Amino acid sequence: MPGYETIGEEERREVLEILSKKVLFRYEFHSERGGVYKVEQFEEEFARYCGTRFALAVSSGTAALKVALASLGIGPGDEVVTQGFTFVATWEAILDMGAIPVFSEIDETLCMDPDDLEKRISPNTKVIMPVHMCGAQARIDKIMEIAKRHNLYVIEDTAQACGGRFRGKTLGSFGDVGTFSFDSVKTITTGEGGMLITDDESLYIKASQYHDHGHDHNPELPRGLEGRDFIGFNFRMMELQGAIGIAQLRKLDSIILKRQRKNKKIIKELLSGKDLIRFRHIPDPEGDTATFLSIFIDNEDELKRFKDIMGSYNIPIIYWGENLWHNFSHWEHLHGQKSIQRYGYPFKDRDGSLRMRYHSDELPKTSEILSRCISIPISIYMDETIEKIREAVTRL
Ligand SMILES: *Cc1c(COP(=O)(O)O)cnc(C)c1O
């Protein structure tokens with residue numbers, strides 16, 4: 001996930017333009033900024049890239065999920081179905097809105113299993129939140145069909161698949177809202193930052209107001225006199241991030257995805273023909289961002305041998321079976337209802353009663369799939385790593 005690898009002269013030029021004007025803030029300062037609105041420009045270019053009507057930049061990918069849920073009116077008592085293989089942020093956002101995350105199994109796409117999803121839908125379900133994990137698509141066509149049939153909203157957590165597509169259409173643009181992250185390990189980065197995309201104007205307006213303390217952004221009024229339709233919060237992106245985002249977005253197709261796809265293809269060819277290795281199922285390989293090459297090794301001894309050989313050549317790999325931050329079975333703080341709050345909210349009510357409960361072994365299919373799954377992270381500059389892989393595979 002190598003946006004950071006490409007930071008250079010283009011980002012520097014964009015940032016210096018901000019510093020010369022001294023306006024680090026997206027709103028107000030109209031006379032001082034001399035027509036420079038970097039966050040707004042980033043939003044416009046991002047929406048155009050995704051083919052959606054609206055984009056709203058926010059302070060992180062987690063904030064994007066929260067703002068998306070808020071703008072759909074989600075709160076206590078509502079259930080949101082997501083998947084047991086994702087970064088913890090996905091369900092943190094749901095819990096933080098007072099709603100209840102319900103976890104579905106994944107399949108060999110490493111994303112939501114549509115058959116299992118359908119079993120998790122209850123009368124309280126309001127949203128389906130699939131995650132396009134490790135750079136490639138969930139079975140978004142099936143998921144959208146289920147959502148329509150049950151009249152549910154869809155928020156696509158696209159934090160790990162910026163620039164990905166399914167049958168030519170940008171990931172994040174299928175659901176009611178798509179969310180993105182630009183943190184340190186993502187395909188494009190702004191240091192910290194996130195984005196929401198949508199075609200729904202009223203949803204966009206709500207999101208824009210909620211992420212800025214409820215300001216109604218009435219262009220006729222100075223900021224201090226603007227009205228409010230509801231209470232909000234602060235998830236604003238700053239101009240420095242917007243500036244970097246503009247430069248990064250311009251590199252997404254032309255450098256980042258192009259180089260990743262080239263490197264992934266080379267590595268995939270090196271591993272092809274090894275009987276014990278099977279590749280992750282990707283519903284539309286053409287729309288893969290090629291951020292990871294993910295494989296399954298079904299035999300336990302061979303899996304260990306693969307890890308040992310890669311380790312001996314210092315080749316970075318991720319074994320998802322033991323991963324603490326993405327694998328449901330290892331989220332002890334979730335299973336153990338660990339809260340910073342005095343009486344244990346969001347797990348407990350004030351009277352001590354449990355609002356929900358999770359057990360580490362309740363997603364056996366997800367645990368089993370992840371126990372034999374390894375990803376090789378793909379980056380832009382990895383010629384040395386590729387040479388090491390070339391040598392290592394001769395010993396497999
Ligand atoms: C990175 C990530 C997020 C959160 O993004 P931040 O910008 O770090 O808050 C959310 N969901 C997934 C799947 C992620 O990988």
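This is a predicted model: local features need pLDDT of at least 70, side-chain atom pairs count only at pLDDT 80 or more; totals for chains, interfaces and linings use all residues.
Local features need pLDDT of at least 70, side-chain atom pairs count only at pLDDT 80 or more, and totals for chains, interfaces and linings use all residues. Residues are numbered from 1 along each chain as its sequence is written, and side-chain values use heavy atoms, with hydrogens and water left out.

**Ligand site**

- Polar contacts are pairs of N or O atoms within 3.5 Å; within protein, one must be able to donate a hydrogen and the other to accept it, and residues adjacent in sequence count only if both atoms are side-chain atoms.
- G61 places a backbone N or O atom 2.7 Å from an oxygen atom of the ligand.
- S181 has a polar side-chain atom 2.7 Å from an oxygen atom of the ligand.
- In the side chain of D157, an N or O atom is 2.8 Å from a nitrogen atom of the ligand.
- On its own the ligand has 390 Å² of accessible area, and the protein covers 94% of this. Accessible areas come from the Shrake-Rupley method with a 1.4 Å probe; for residues, only the protein chains shown count as cover.
- Helices (H or I, at least four residues) and strands (E, at least two) are DSSP runs, numbered from the N terminus.

**F87**

- F87 sits in the loop between β2 (79-83) and α4.
- Its relative accessible area is 31%, so F87 is partly exposed. The scale runs from buried (under 20%) through partly exposed to exposed (over 50%), with a 1.4 Å probe and protein chains only.
- Beyond neighbours within four places in sequence, F87 is in contact (heavy atoms within 4.5 Å) with W325 and H326.
- F87 and W325 are 238 residues apart in sequence, yet their C-alpha atoms are 5.9 Å apart.

**Aromatic pairs**

- The whole structure holds 17 aromatic pairs. Rings of Phe, Tyr and Trp (its six-membered ring) pair if their centres lie within 6.5 Å; planes under 30 degrees apart count as stacked, over 60 as edge-to-face and the rest as tilted.
- F54 and Y204 are stacked, at 4.7 Å centre to centre and 10° between the planes.
- F54 lies in strand β1 (residues 54-58) and Y204 in helix α7 (residues 201-210), so this pair ties together parts 150 residues apart in sequence.
- F54 is buried at 13% relative accessible area, while Y204 is partly exposed at 22%.
- W91, F103, F328, W331 and Y358 form a cluster linked by ring pairs.
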